[in-house]
There are 2 protein chains.
Amino acid sequence: MTIHTLAIVGVGLIGGSIALGARARRVAERIIGVEVDPLTRDFVRDRCSLDECLGDVAAAARQADAIVVCTPVDQIADQVARVAAVSSTTALVTDVGSTKGQIVRELAGRLKPACRYVGSHPLSGSEKQGAGFAHGELLRDKVVVLTPTEQTSPEAVEQARHLWLAMGARVTLMSPAAHDEALALTSHLPHLLAAALAGILPAELRGLTAGGFRDTTRVAGGEPELWTGILLHNREAVLEAVKKLESNISHFRAALETGDRPALDALLALGKRNRDALGN
Amino acid sequence: MTIHTLAIVGVGLIGGSIALGARARRVAERIIGVEVDPLTRDFVRDRCSLDECLGDVAAAARQADAIVVCTPVDQIADQVARVAAVSSTTALVTDVGSTKGQIVRELAGRLKPACRYVGSHPLSGSEKQGAGFAHGELLRDKVVVLTPTEQTSPEAVEQARHLWLAMGARVTLMSPAAHDEALALTSHLPHLLAAALAGILPAELRGLTAGGFRDTTRVAGGEPELWTGILLHNREAVLEAVKKLESNISHFRAALETGDRPALDALLALGKRNRDALGN
């Protein structure tokens with residue numbers, strides 16, 4: 001597959017990094033962006049080496065043979081529907097949303113059967129936001145989950161796989177529901193938790209935090225609106241994950257209350273074993 | 001104050017780093033270590049630039065004019081008592097334990113009134129362990145909390161302050177109880193939480209973790225036995241901190257259950273505000 005024109009809808013941290021990575025790896029001959037805010041359009045064009053940055057998503061979609069929607073999750077379904085309505089039937093349409101089930105539900109009945117849409121989620125987030133932090137290596141060696149459904153055309157999956165592999169990422173396939181259940185635990189819950197912990201820190205104790213508090217709460221620096229959208233999109237699975245965590249915290253509490261050293265040792269050892277298995 | 005002989009009892013990550021930092025900054029003319037395990041004694045002597053590494057804590061304490069006990073928290077009181085029994089009455093005796101109240105309670109009535117003991121806690125931990133990871137800059141710009149009591153001699157506080165400042169650290173004074181309450185929230189709770197989150201990760205989801213999960217659980221890689229000791233030493237304050245966190249998590253859960261976007265926004269925004277105030 002050769003991409004002539006790659007369109008990035010929403011040029012923030014992820015969209016901008018895809019543009020820069022695609023440029024560096026010669027994934028597409030032409031890379032265009034879409035930014036609704038006219039004040040940032042020139043900045044993101046220059047910062048992310050775009051050939052052009054437009055304000056009109058349809059105008060960009062009509063020219064492109066691959067379109068990646070990189071907006072906040074609660075705008076993705078609408079943008080995908082808008083793109084799919086005007087793009088070539090051979091063009092790939094994908095997104096980078098952190099949730100997948102709700103997007104599929106919102107798109108039900110809104111896409112032409114021939115449309116080559118498949119959901120993608122590059123596991124490459126950061127607490128940083130905006131094109132200013134974009135860099136071309138953000139996706140390198142990262143996992144991108146593709147979430148085809150029974151309606152997804154095999155061509156869309158193949159095109160998306162090639163796109164992400166060309167960006168230096170690894171690709172794995174899951175159903176939207178399995179993706180959402182997994183990410184609730186591996187991404188959405190850690191975010192909620194980091195925010196919950198940071199939220200109870202009184203200002204007068206800030207000077208007594210060290211690496212442990214800072215690491216554990218780092219992702220709480222992410223944009224609240226983005227994360228409210230993600231958590232609400234995936235609320236059923238996130239609630240399940242929260243309950244699992246609350247249950248495990250209550251085991252720690254019980255072991256502390258009774259001074260049960262072996263139980264506490266075992267709980268901490270399980271955490272260490274699981275964490276050590278992840279590497280750095 | 002000039003330290004002729006500095007003794008480090010327990011040459012692990014912290015003890016070894018103090019030795020290396022003291023050497024680089026010429027804090028003492030002679031630096032000796034104490035390691036009970038004869039098999040590691042030569043290794044830590046070479047790795048941490050010690051002039052000598054002994055097996056006998058009393059032999060080291062008799063020669064030293066500053067002794068820093070760097071063992072796991074549940075051995076600190078015994079080691080301090082042993083050191084104080086034989087050291088010069090003008091020698092500083094301190095420790096680096098992550099808890100302070102329990103150590104003071106265990107030492108009650110066991111120290112000569114003239115003894116210059118004061119508790120210290122350098123906020124410089126890491127999930128890494130052992131002298132192999134020691135480095136001379138570990139304490140630089142870190143906060144060291146001194147926890148004098150009514151029995152503590154002002155000379156001990158002055159000597160400890162000078163020692164830590166000479167190591168490049170900043171020094172702050174708190175009561176043992178205030179220290180323990182603060183650190184329960186800023187250090188012991190994050191550790192418990194990281195372990196609780198890592199503990200619920202099924203092996204099949206490891207490949208779907210990214211930076212968020214890894215940061216949030218990083219400290220769970222710490223040694224379980226060390227942390228069991230810390231958590232049990234400080235159980236009252238840790239339990240209070242756990243309850244505060246559980247209560248905040250339940251606010252997140254309620255907002256998710258009712259789909260309350262403004263409430264979720266506000267909870268995440270508070271977390272972000274507090275986290276942003278800490279810097280990197």
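The exercises below, each with a worked solution, concern a predicted model.

**Exercise 1.** Find where B:S98 is placed in chain B, decide whether B:S98 is buried or exposed, and list the residues that B:S98 touches beyond four places in sequence.

*Solution.* Begin with the chain itself, where B:S98 is found in the loop that runs between β5 (92-95) and α5 (101-107) of chain B. Next, take the relative accessibility, which is 17% for B:S98; because buried means under 20%, B:S98 counts as buried. Finally, setting aside residues up to four places away in sequence, the residues touched by B:S98 are B:V73, B:H121, B:H179, B:H188 and B:I230.

**Exercise 2.** Determine which residues touch the most other members of the largest nonpolar core, and then describe what surrounds A:I67.

*Solution.* The largest nonpolar core has 131 residues, and those touching the most other members are A:I67, A:L245, B:I67 and B:L245. Turning to A:I67, its contacts beyond four places in sequence include A:A7, A:V9, A:V83, A:L92 and A:T94. Apart from this core lies another, of 37 residues, including B:V11 and B:A160.

**Exercise 3.** Describe how helix α9 of chain A and helix α11 of chain B cross, and classify the residues of their contact.

*Solution.* The axes of α9 (residues 224-233) of chain A and α11 (residues 261-276) of chain B come within 9 Å and cross at roughly 130 degrees. The crossing of α9(A) and α11(B) is right-handed. Among the residues making the contact are A:W227 and A:L231 of α9(A), together with B:L264 and B:L268 of α11(B). The residues of this contact divide into seven nonpolar, two polar and four charged.

Definitions and conventions: Residues are numbered from 1 along each chain as its sequence is written. Chains are lettered from A and ligands numbered from 1 in the order in which they are written. This is a predicted model: local features need pLDDT of at least 70, side-chain atom pairs count only at pLDDT 80 or more; totals for chains, interfaces and linings use all residues. Side-chain values use heavy atoms; hydrogens and water are left out. Helices (H or I, at least four residues) and strands (E, at least two) are DSSP runs, numbered from the N terminus. Buried means under 20% relative accessible area, exposed over 50%, partly exposed in between (1.4 Å probe, protein chains only). Contact means heavy atoms within 4.5 Å. A nonpolar core is a set of buried Ala, Val, Leu, Ile, Met, Phe, Trp, Tyr and Cys residues joined through side-chain atoms within 4.5 Å. Axes are lines fitted to C-alpha atoms, for helices over the stretch in contact, and angles run from 0 to 180 degrees between N-to-C directions. A crossing is left-handed if the near helix is turned anticlockwise from the far one by less than a right angle, and right-handed if clockwise. Ala, Val, Leu, Ile, Met, Phe, Trp, Tyr, Cys and Pro count as nonpolar, Asp, Glu, Lys and Arg as charged, and the others, Gly among them, as polar.
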